[in-house]
Amino acid sequence: MEGNWLSPAERAAWVRLIAVLELLPGTLDSQLRRDAGLTHFDYGVLAMLSEVPDRTLRMTELAGYTNATLPRLSNVVKRLADRGLIERHSCPGDRRATNVRLTEAGHEKMVASAPGHVDAVREYVFDALTPDQVDQLSEIAGSVLERLDPTGTRRPPIDPAG
């Protein structure tokens with residue numbers, strides 16, 4: 001059998017990583033649906049908009065930062081706009097582009113939803129780790145992210161240090 005196969009240690013790490021990547025989004029989604037009436041992706045869109053100047057981004061930027069296709073994001077944006085949580089409007093510098101802005105109601109929804117979401121993230125991720133492991137996780141995730149997005153074009157413009 002030829003190939004550059006994973007070592008036993010790499011395979012164990014890979015299988016565990018895949019399990020986390022499969023289970024964690026559904027767990028977080030369930031909490032947000034139950035407690036806030038939002039999907040995890042909805043929350044991510046609101047959170048991303050809450051972190052940028054004027055709470056506004058171009059659809060293409062928002063799609064990149066949320067790792068979404070424009071059609072998927074368009075559907076979510078329409079649903080959130082119908083709920084009054086965001087607004088769509090033409091981009092002043094490019095009439096062909098669409099900007100998305102977090103409304104005050106959207107900001108209030110995000111702020112009200114954040115404590116429960118943070119509690120779930122803490123319960124399912126950080127409470128399982130020591131402080132040293134948190135540092136290791138940050139370093140490991142940063143290394144993988146650098147490999148996946150070397151130019152940083154798909155990374156949110158949020159300071160990871162706080």
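Predicted model: local features only at pLDDT ≥ 70, side-chain atom pairs only at ≥ 80, totals over all residues.
## Strand pairing

Strand 3, residues 94-102, pairs with strand 1, residues 56-58, in the antiparallel sense, and 3 bridges join them. Within this pairing, L57 is set opposite V100 of strand 3.

Strand 2, residues 86-91, is also antiparallel to strand 3, with 6 bridges. E87 has R101 in strand 3 as its bridge partner. Strands 2 and 3 make a hairpin, and 2 residues lie between them.

## Helix 2

Helix 2 spans residues 40-50 and is mostly covered, with 9 of its 11 residues buried. The buried residues are F41, D42, Y43, V45, L46, A47, M48, L49 and S50.

T66 sits in the loop that runs between helix 3 (59-65) and helix 4 (70-82). T66 counts as buried because its relative accessible area is 17%, and the cut-off for buried is under 20%.

Leaving aside residues up to four places away in sequence, T66 touches F41 and V45. Both F41 and V45 are among the buried residues of helix 2.

## Surface patch

A nonpolar patch on the surface is formed by L6, W14, V15, L17, I18 and L21. Together these residues have about 540 Å² of accessible area.

L6 belongs to the segment before helix 1 (8-36). L6 has 48% relative accessibility and therefore counts as partly exposed, since exposed requires over 50% and buried under 20%.

Note on methods. Residues numbered from 1 in each chain as written. Heavy atoms only, no water. Buried < 20%, exposed > 50% of the residue type's maximum accessible area, 1.4 Å probe, protein only. Helix = DSSP H or I, 4+ residues; strand = E, 2+ residues; numbered from the N terminus. Patch = residues over 30% accessible without salt bridge, like charges linked within 9 Å, V, L, I, M, F, W, Y side chains within 5 Å. Areas by Shrake-Rupley, 256 points an atom, 1.4 Å probe, with all protein chains shown as cover. Salt bridge = Lys/Arg side-chain N within 4 Å of Asp/Glu carboxyl O. Contact = heavy atoms within 4.5 Å. Pairing = 2+ DSSP bridges.
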